[in-house]
Amino acid sequence: MNAQTILLYDGSFDGFLSCVFVAYDQKITSPIIRKEYQTNNQLFTINETIITNRQKANRVWEGFKSRTKPNEQRGFFKAFLSEIKGVENTLFSYMRTIFSNPINQHIDFGNKDILKITQVAKMVDREKHRVEAFVRFQLTKDDIYTSTVSPDFNVLPLIVKHFKDRYADQKWLIYDTNRKYGIFYDLTSVEIITLEEPAKILPNQIQNIYKKQEVDFQKLWSTYYNSVNIKSRKNTKLHVQHLPKRYWKYLTEKNIRE
Amino acid sequence: MSFDRIREKLSILADAAKYDVSCASSGGKRSNTNKGLGNNTGMGICHSYTEDGRCVSLLKILLTNHCIYDCAYCITRKSNDIKRAAFKIQEVVDLTINFYRRNYIEGLFLSSGIFKNADYTMERLIQVAKKLRLEENFNGYIHLKSIPGASDELMRQAGLYADRLSVNIEIPTISGLKLLAPDKKHEDFVKPMTKVKNEIIQYKEEKKIIKSTPRYAPAGQSTQMIIGATGESDWDIMRSANYYYKKFNMRRVYYSGYVPVLTDNRLPSLGTAVPMLRENRLYQTDWLIRFYGFSVNEILNDTHKNLDVDIDPKLSWALRNLNLFPVDINKADKTMLARIPGIGMQSVYKILQARKFRKLNWSHLKAIGIALNRAQFFIVCDSKDFYKKELSAISLKEKIVKNSSSKYKKLINGQLSLFS
């Protein structure tokens, strides 16, 4: 019996691509690719920790890009960001199909990997759109529009462009409290940052770090939200369908007590 | 500014604006080129939803609810004894900007009661839009209400700053308008609509020659009708809607079920239920006409003046035209596929794609996601097992209604029991 090879990587996209490179380089036919902090309780396995290597990762990605369309590349990246357990193996299997077929050959869309990746990418895309819609900024004393989120998938890399284009003339920070990193725009570019005390920027810290008028604008918004509701048309089922309860924690209008 | 006063005004003027249905923020592409505020990609975003399930995308308010008119259906009519308020231009600008910066909204939808006269009011609305665009460098969405009777010159200016313009005709028939809004003339509504339509056509022409032609209302114009305030039939409403789509190139006609807010012997009494189901059937008809290739007269005509409440308009049409069915899924052309009850446009495209590779059977159709509970009686596919025409239209309808569950079931039963 051959022992199964498990390739461990640091969780980054480049790290994953480095695993693909190693798998091809060392002719490992069906490896399991897994993040190093995910526990392993399988017997008879060979564990190999792969060090992220940008050049190797780039070679894999360039090769993939030359054989696929831009929307397929985006779907691939989105599926990776889902962080769903085992998604790396589906992505690897899909990459093998791409690399083993001649360029531009029509690929059967009944392929189960493609189906899975398309579905997962769609889930990630919906979450991205919801974060774009439901982020609520609060203005801090040092003039940074700040927001905390905890999305189901790792969507921050996907929303950078949207927020950068939209809020080009204000400093802003969106912090993912689950994954413990944020994206910060300083009026010229967007950078990835980590905070030592992320609890400080949570919405309930409003008296300490947020501008005094911030509370006033939140109240105005909440007043507006309540005034546009037509009571005789109340439709709770539809309301919750559009605005699932797990997003309410972000929403100023759902958390202001008069 | 005093927040308490602003807050009071906001609650009055948002409350008065909420009967305007439109909250679309799409179609007005405007990129952020010079590090300004806002970037409109042409796709709308709903930032929140009210408890009645409607999207909140724009800050939708009136500039003032003072009004010189006395339209029976309107909550801000002159003779109604309510609190009145008016925003200053700068206040609207500040609210819009501060809400936008916090990611609450996509932009502004500004309407107004009419104070002094049409032009005076329109000028104020334009000033808000102009300030937002030129002083605040704002690229978000702006929807301005065209005030009935406003001059051509002002309508020209409005379109330069706004993404969308709209006039609500409110009452679908001219006779209804005379009854409920005696001071308003039908021509006053048509005048700004005509101007906007012509400006959009002219812009498109000039754009071909001079690329830098200033943009004019990129998201087009829309209008709205109140449903169930006067006794008009669905046929009247849809003919009227069709006229506005054709004559003025409307992007949308909205149908708004009348919410009784006033006591007036010309109108349904307070406490009358909002005709939400009828509203829904009208939207379905609107879609059939705009996207499915139906004409108004096929769905509504002299013998069928009103839509069925218990079944959707396409099914109703199919039951009246059973001689056209069954349709062969593997052979029929696009137009006929779109006419099968239970099959939407998305499924039509999927069927057209999928049948290139193989003949489709029931399990394929199920996977594509068509509503078989209705469609099965109107189609044949790659299977020997299909519905043989054995029931009359009436019994077939009963069978379908019995086997389907509608989210409106309660409403339907309630409305039907009135007649039994």
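**Where the chains touch**

Analyst: In this predicted model, 34 residues of chain A are in contact with 35 residues of chain B. On the side of chain A that touches chain B, two or more residues each come from helix 5 (112-134), helix 6 (156-166), helix 8 (212-227) and helix 9 (236-242) of chain A. Helix 8 of chain A gives the largest share, 9 residues. By type, this side of chain A divides into 15 nonpolar, 9 polar and 10 charged residues.

Now to the inside of chain B. Strand 3 (residues 58-62) of chain B is largely enclosed by the rest of the structure, because 5 of its 5 residues are buried. B:Leu58, B:Lys60 and B:Leu62 point one way from the strand, while B:Leu59 and B:Ile61 point the other way. In a regular strand, side chains alternate between the two faces of the sheet.

Strand 3 of chain B runs parallel to strand 4 (residues 107-111) of chain B, and 5 bridges join them. One bridge pairs B:Ile61 with B:Leu110 of strand 4 of chain B. Together with helix 2 (residues 89-101) of chain B, strands 3 and 4 of chain B make a right-handed β-α-β unit.

B:Leu59 and B:Leu110 also belong to the largest nonpolar core, which has 106 residues; they are among those with the most contacts inside it, as are B:Leu13, B:Ala129 and B:Ala158. Apart from this core lies another, of 45 residues, including A:Phe21, A:Val135, A:Leu156 and A:Leu251. In soluble globular proteins, nonpolar side chains tend to be buried together.

Conventions:
Residues numbered from 1 in each chain as written. Chains lettered and ligands numbered in written order. Predicted model: local features only at pLDDT ≥ 70, side-chain atom pairs only at ≥ 80, totals over all residues. Buried ≥ 20, exposed ≤ 12 C-beta atoms within 10 Å, placed from the backbone. Helix = DSSP H or I, 4+ residues; strand = E, 2+ residues; numbered from the N terminus. Pairing = 2+ DSSP bridges. Right-handed = clockwise from strand over helix to strand, strands pointing away. Core = buried A, V, L, I, M, F, W, Y, C linked by C-beta atoms within 7 Å. Contact = placed C-beta atoms within 7 Å. Nonpolar A, V, L, I, M, F, W, Y, C, P; charged D, E, K, R; others polar.
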